[in-house]
Structure formats: structure tokens, C-alpha cells
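Hi,

Here is the structure I promised to pass on. Have a look first, and my notes follow below.

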Amino acid sequence: MSAQKKKNFQIEAFKHRVVVDPKYPEKTWKILEHAIHEIYNHNASGLSFEELYRNAYNMVLHKFGEKLYSGLVTTMTSHLLEISRSIEAAQGEVFLEELNRKWADHNKALQMIRDILMYMDRTFIPSTHKTPVHELGLNLWRDVVIHSSKTQIRLRDTLLELVYRERNGEVINRGLMRNIIKMLMDLGSAVYQEDFEQHFLEVSADFYRLESQQFIESCDCGDYLKKAERRLNEEMERVSHYMDARSLDKITNVVEKEMIESHMQRLVHMENSGLVNMLVNDKYEDLGRMYNLFRRVPTGLSIVRDVMTSYIRDTGKQLVTDPERLRDPVDFVQRLLDLKDKYDEIITLAFGNDKTFQNALNSSFEYFINLNARSPEFISLFVDDKLRKGLRGVSEEDVEIVLDKVMMLFRYLQEKDVFEKYYKQHLAKRLLAGKTVSDDAERSLIVKLKTECGYQFTSKLEGMFTDMKTSEDTMQGFYASHGTELGDGPTLAVHVLTTGSWPTQPSATCNLPAEILGVCEKFRSYYLGTHTGRRLSWQTNMGTADLKATFGKGQKHELNVSTYQMCVLMLFNNADRLSYKEIEQATEIPASDLKRCLQSLACVRGKNVLRKEPMSKDIAEDDAFFFNDKFMSKLYKVKIGTVVAQRESEPENQETRQRVEEDRKPQIEAAIVRIMKSRRTLDHNNIVAEVTKQLQARFLPNPVVIKKRIESLIEREFLERDKNDRKMYRYLA
């Protein structure tokens with residue numbers, strides 16, 4: 001096939017000449033102009049919108065868009081000038097109503113005009129970058145009506161006057177206010193801000209500055225805060241009813257600044273009604289209001305927190321340093337717990353459980369509890385009191401609550417090892433005397449201490465419970481094998497204590513009565529026969545005894561006494577009168593213990609099974625003692641306690657402190673060696689910081705003591721000083 005010739009085709013536009021009447025644009029515009037007049041005069045019902053739309057469409061199509069647009073601007077402006085005059089003529093309250101009515105009319109008219117000129121809006125306006133019809137209508141309303149010389153300031157002042165009247169309790173037409181302010185917002189955020197909001201905020205600041213000054217001169221703190229809260233709520237409500245939502249933060253900032261921030265210090269420190277007064281009188285509602293208002297301003301809460309902290313510290317300091325309070329350790333600790341409960345309640349109910357306030361409370365307690373060196377001892381005595389008798393008949397849940405509170409105080413202690421020392425002593429006495437309310441409560445507290453401080457802290461305490469259980473089994477074995485030999489002799493109950501676990505001090509053994517001595521020797525031989533490589537030493541200062549005694553007229557009683565008291569009383573089986581010296585020689589009880597023991601036997605009314613000559617409260621070395629035939633008691637069982645101070649005397653306290661200091665030395669040395677082993681070389685200040693960090697869970701080591709322990713380790717060649725820098729230490733492997 002031969003290649004066909006290619007032909008080029010071209011499509012041309014249809015050349016149809018439309019002859020346009022030269023008067024066409026003028027005629028068509030006249031029709032549209034008349035329609036716009038009719039719309040503004042509320043006569044739009046007789047108009048054919050379809051025809052009007054076609055006319056506007058044709059004008060744009062025939063390139064007369066410019067004439068249509070400029071004609072629209074001129075016509076609309078003339079109508080708005082007329083409207084503006086009618087609004088300016090309105091008097092009094094009618095002014096806003098007239099403005100609102102005319103604005104509604106203008107909006108309706110604008111909607112209709114935009115529908116007619118829709119084609120111009122879609123094609124001509126975007127291509128020529130002119131303002132769309134609706135926006136044009138708003139701009140003209142703004143420039144011709146709102147910004148007219150007679151309306152602009154009058155409108156602003158009228159709106160502000162209505163707000164002022166509403167603030168003073170008058171009822172205003174909120175619907176009208178909403179419409180007018182919405183009009184300003186519709187005209188653009190700049191119009192709303194410049195014509196209303198800016199002036200509204202300035203006037204509000206002046207109003208609240210003056211009002212807050214009047215309030216603070218005439219109200220107490222609680223009432224002032226109520227008024228400030230009410231004003232704040234009113235402004236929030238006002239914004240929600242008839243203002244732009246974006247004004248909310250601005251107006252609340254004004255109220256906060258003028259009513260709260262400007263007067264914070266004065267409110268907090270107000271005499272007889274400020275923060276301290278609220279705290280003292282548990283005014284939860286006022287405190288909550290203060291918290292919620294002050295949190296709205298910068299530094300507000302820190303002012304409240306600082307004043308509260310300062311007051312708690314002062315109160316706590318008075319409590320822990322008051323000599324009257326120190327006489328009763330249980331009451332001392334109870335007052336601390338009550339103080340903590342009080343502020344916990346305030347922080348929960350009034351301060352929304354704010355963590356920063358909780359931390360401030362904790363640091364305050366830690367500060368003043370450690371001002372009193374006897375706090376660890378007193379907390380242990382409180383526990384002792386509760387576990388001996390205070391928790392008898394109390395439910396398990398309540399026991400846990402008390403123990404948790406004790407643990408909370410324990411956490412504040414810097415010298416936890418001192419608490420451990422006392423706690424061990426008190427626990428030993430409870431266990432050996434069988435005076436504990438509940439083994440479960442005892443074990444529960446030990447578990448809590450273990451969780452808090454680790455296994456090392458409680459291992460010896462757990463060992464004490466183990467010894468008590470083992471001793472029961474040992475006694476059963478002893479009586480099973482020796483029961484027949486013992487016959488009607490004294491019944492012996494022995495607690496075998498592991499030396500390292502119990503707070504035993506080497507004590508001079510007293511001379512036990514012959515009857516007891518025999519049984520003791522049998523037990524010793526039995527025990528050493530079943531356990532090889534052990535040594536027993538009798539702790540007579542820790543034991544108790546039950547004696548049957550017959551007084552004058554054949555009256556019989558069972559006396560519950562200490563081992564020392566038993567040794568003394570048994571002497572009176574063979575003598576009616578004994579001097580102090582004779583008793584001391586026969587028993588060999590240490591003088592201080594013997595005096596306490598005789599005091600409790602002869603000087604306590606209702607428990608005086610001995611008589612003393614001469615009669616006095618104190619025991620002297622030339623006193624003589626007689627068996628008291630005339631002793632009488634309503635009870636068959638009579639417990640004769642040893643006269644012993646519940647809290648340690650000053651010398652005893654010093655002794656305990658000394659023992660604690662001795663116990664700390666190896667712990668500090670161990671920490672130094674651990675640190676140096678891992679670091680190899682370290683300067684003095686860093687060693688002190690590291691040791692303090694490692695040991696602060698148990699106690700706060702004194703830097704002077706740390707320095708001495710470093711010296712000791714250098715002497716024993718664990719460490720050496722750097723030859724060039726005396727403050728640098730090296731670890732010697």
C-alpha cells in the first residue's frame with residue numbers, strides 16, 4: 001500500500017457577531033440597582049431573583065463586571081449612610097436595639113444580593129482580586145456604620161456601661177449584648193479587639209483594682225477570698241454568655257492580677273484570719289478556696305507552701321523541744337502523729353493531694369523530729385506501749401494503721417540505727433516477759449522495717465523470734481527427759497538466747513537460791529549434752545519468777561517478781577530481819593539493781609511485801625528490812641514491778657549513744673573500703689560525700705568521724721595518701 005497523504009485540520013471559533021445595544025449595561029444596571037433598593041426597603045417579595053441573576057450573569061459575560069461591582073459599592077454605601085443616620089438618631093437604650101435591628105436587616109439584604117451576584121462572586125471577583133460580595137458588605141458596614149464618628153465611641157461606652165451595671169448587680173439584656181458583640185466579632189477579630197475588648201480589659205482592671213482595695217480594708221481573709229472567687233466566676237460566666245471565648249483567659253488574668261496577685265502577701269499574713277489561722281482552726285473550705293485561687297497566679301502556691309512550711313516547722317520545733325512534753329514519750333509521739341494526721345487531712349481535703357505540699361510537709365517533719373536526739377528512743381517506746389497493751393482488742397486493720405503511722409515517723413529519722421538499738425531492747429523485754437499483744441503485729445512491723453531498710457536491719461530481730469520458738473521445744477525436751485527427777489521442785493522455764501541476736505550486756509550473775517540452782521544445773525547439763533560446742537551464761541537481770549507466799553493470819557498470795565526480787569525474798573524464809581548490807585552480801589546483786597529491787601518490794605503502797613526502817617522513798621545502805629506479816633491485797637496474784645524509768649536516764653542515754661557510735665565505726669570503714677575498691681583513687685571530699693550517700697538510709701555519718709576512720713584504715717594499710725596531694729587517697733589491694 002502506498003502511504004496516504006496527511007491532511008492538517010484546524011477548528012476555528014464560530015464567528016457570530018452579537019450586536020450589543022450601547023445602552024445595554026446602563027439599562028441592566030438600572031434594573032439591578034432598583035432591585036438592591038427594593039431589598040433594602042423590605043420590598044423584595046415582588047422581585048424575580050431568576051431574572052436578576054440572569055441580568056447580573058450577562059453583565060459579567062459581556063465584560064461589564066467592573067461597572068456592576070462599582071455600582072454595587074456605591075449603592076450599598078448610600079444605603080448604609082442612611083442606616084447610619086437612623087442609628088445615630090436613636091436615643092438612650094433604643095440605640096443598641098436600633099443597631100441590632102439594622103444589622104439583622106443588612107445581613108438579610110446582603111444574603112439576597114450575594115445570591116443575585118453569585119456569578120460575579122465566582123468568576124469576576126477572583127480574577128480581578130476584588131473583595132467578595134459578603135465580605136464587601138461587612139467591610140462597608142464596619143467603615144460606614146460602626147466607625148462613623150458619632151457611633152464608634154458611643155457604642156463602646158454603651159457596652160462598657162452595661163457591663164459595669166451588670167457587675168453592680170443590675171439585670172441587663174444579655175441577648176442584645178450577645179448580638180452586638182457577635183456583630184463586632186463577625187466584622188473581624190481586629191474590630192472586636194480594638195473597638196471593645198481592649199477597652200473592656202482596661203476598664204475591668206481599674207474596677208477590680210478599686211474594688212479589691214475596698215474589700216481588703218473591710219473584710220477578713222476568708223470573706224475576701226469568697227468575693228474574689230465570686231467575681232472570677234461572674235467574669236467566666238459573662239464571657240460564656242456574650243463574649244468571644246478567647247477573651248476568657250484575658251479577663252480572668254485581669255481579675256487574678258488585681259484581686260489576688262496584688263494582695264497575696266497581705267492575705268496570707270492577715271492577722272486572726274490569714275493562712276496560719278485557717279491551718280490552726282482546720283478551715284478546709286477557706287484553705288481549699290485559697291489554694292484554688294492562688295494556684296492561678298505565678299508564685300501563688302509557693303507563697304502558701306512557704307508560710308505553711310514555716311508554721312509547721314515552728315510548731316514541730318516547740319513540740320519536740322518542750323521539756324514538759326519529753327516527760328511522757330508515748331504522749332510525745334502521739335502528738336507528732338496527731339500533727340501529721342492534721343496536715344495530711346488539710347492536704348487531702350483542701351490542697352487536692354498536691355505532691356509539692358506533701359513533700360514540704362515531709363521535709364518539715366524530718367527537720368524537727370531530728371532536732372530531738374531522743375526521737376528514735378521515744379518512737380520505740382511508743383511502739384512498745386502499743387504492742388504491750390495499747391492495741392489489745394483492736395482490729396487487725398486498725399493495728400496496721402497504727403504500725404503504718406509509726407513507719408511514717410521512722411522514715412523521717414536520720415538515726416535509724418539508734419531506733420534499731422532501742423527497738424531491739426524493748427522487743428527483747430516484751431518477748432521475755434510474754435507481754436506482747438500479738439505476735440502477728442510484732443512480725444508485721446518487722447516486715448515493714450525489712451521492706452524499708454533491707455534484710456540486714458531486721459535479721460537479728462527475726463533471730464529473736466526464732467530463739468523463742470526453739471526455747472519452747474528445748475523446754476519440752478528437758479521435761480520429757482528429766483520430769484520424774486524434778487518432782488515437786490521449782491518449775492523452770494528457760495529462754496536460750498543467741499548472743500549476737502539479743503541486746504544482752506555482760507551482767508554479774510547473782511547468787512541464786514539453792515532450790516533454783518539445782519534445777520538450773522540440771523538444765524545446763526541437759527542442754528550442753530544435746531548441743532556441742534556451746535556455752536551458757538545465765539542472764540539473771542532479764543528473768544522473772546512466780547513465788548507462793550504465806551502472810552499473817554494464813555493469807556496466801558502468788559507474787560510475780562523479777563529474778564533479783566526472788567533472790568531477795570527467798571532470804572526471808574530463814575530470817576525476819578536483814579540489813580541492806582546483809583542482803584547485798586548474800587545475793588551479790590549489783591548495787592543500782594538491788595536498790596531498785598528493794599524500793600519496789602518495800603516502798604510501793606499495795607505491793608510492800610517487805611517493811612523498811614526507817615520509812616522513806618529511797619534506799620540507804622544502813623536500812624533494815626523485815627518481812628511484812630500485815631501485807632494485804634484483794635488480788636490473789638500480785639505483780640510487783642521493778643521501779644524503773646520508762647525512758648532512759650541521761651547516763652544510760654549517753655551509754656547507748658556510745659554503743660551506737662562504736663557500732664557505726666565498722667559500717668563507715670566498710671563503706672570507705674567498698675568505695676575505694678571500685679574507684680581506686682579518690683579525693684577526701686568525694687569520699688565523705690559517697691560515704692554519706694551510702695549510709696544515710698541508716699544514719700547520717702559525721703564528716704569528722706569519717707576522717708578518723710580513713711586515718712585508721714591508712715594505719716592498717718588499707719589505704720595510702722598520695723605523695724603529691726595529701727587530700728587524695730589510693731586503695732591498697
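This is a predicted model: local features need pLDDT of at least 70, side-chain atom pairs count only at pLDDT 80 or more; totals for chains, interfaces and linings use all residues.

Before the residues, one definition: buried means under 20% relative accessible area, exposed means over 50%, and partly exposed is in between, using a 1.4 Å probe and protein chains only. By that rule H129 counts as exposed, because its relative accessibility is 73%. H129 sits in the loop between α5 (118-128) and α6 (133-146); helices here are DSSP runs of H or I with at least four residues, strands are runs of E with at least two, and both are numbered from the N terminus.

Residues are numbered from 1 along each chain as its sequence is written, and side-chain values use heavy atoms, with hydrogens and water left out.

Now the overall picture. The chain has 29 helices and 9 strands. Its radius of gyration (taken over C-alpha atoms) is 48 Å, well over the 27 Å from the globule rule (2.2 Å times the number of residues to the power 0.38) for 733 residues, so the chain is more spread out than a compact globule. Along the principal axes, the C-alpha atoms fill a box of roughly 155 × 95 × 60 Å. Of the 733 residues, 44% are buried. Taking contact to mean heavy atoms within 4.5 Å, 70% of the contacts between residues at least 6 apart in sequence join residues at least 24 apart.

What about the inside? A nonpolar core is a set of buried Ala, Val, Leu, Ile, Met, Phe, Trp, Tyr and Cys residues joined through side-chain atoms within 4.5 Å. The largest one has 83 residues, and M290, F294, F351, F365, L409, Y423 and L449 touch the most other members. Not counting residues up to four places away in sequence, F294 touches L225, I260, M264, L267, V268, G300, L301 and V304. Another core, of 64 residues, lies apart from it and includes L52, L110, L184 and V191.

Is S364 buried or exposed? S364 counts as buried, because its relative accessibility is 0%. Its place is in helix α17 (residues 355-369), and beyond its neighbours within four places in sequence it is in contact with T309, I312 and R313.

Most residues other than glycine have a negative phi. H42, in the loop between α1 (24-40) and α2 (49-61), has a positive phi near 65 degrees. R680, in the loop between α27 and β7 (681-683), has a positive phi near 70 degrees. H42 is exposed at 57% relative accessibility, while R680 is partly exposed at 42%.

Last, a pocket: on a 1 Å grid over the protein atoms alone, that is an open set of points where a 1.4 Å probe fits, with protein on both sides within 12 Å along at least five of seven lines, and lining residues have an atom within 4 Å of a point. The second largest pocket is lined by 20 residues, with E420, K421, K424, K460 and D663 nearest its centre. Helix α20 (416-433) is one of the elements giving two or more residues to that lining, and its 5 residues are the largest share.

Cheers
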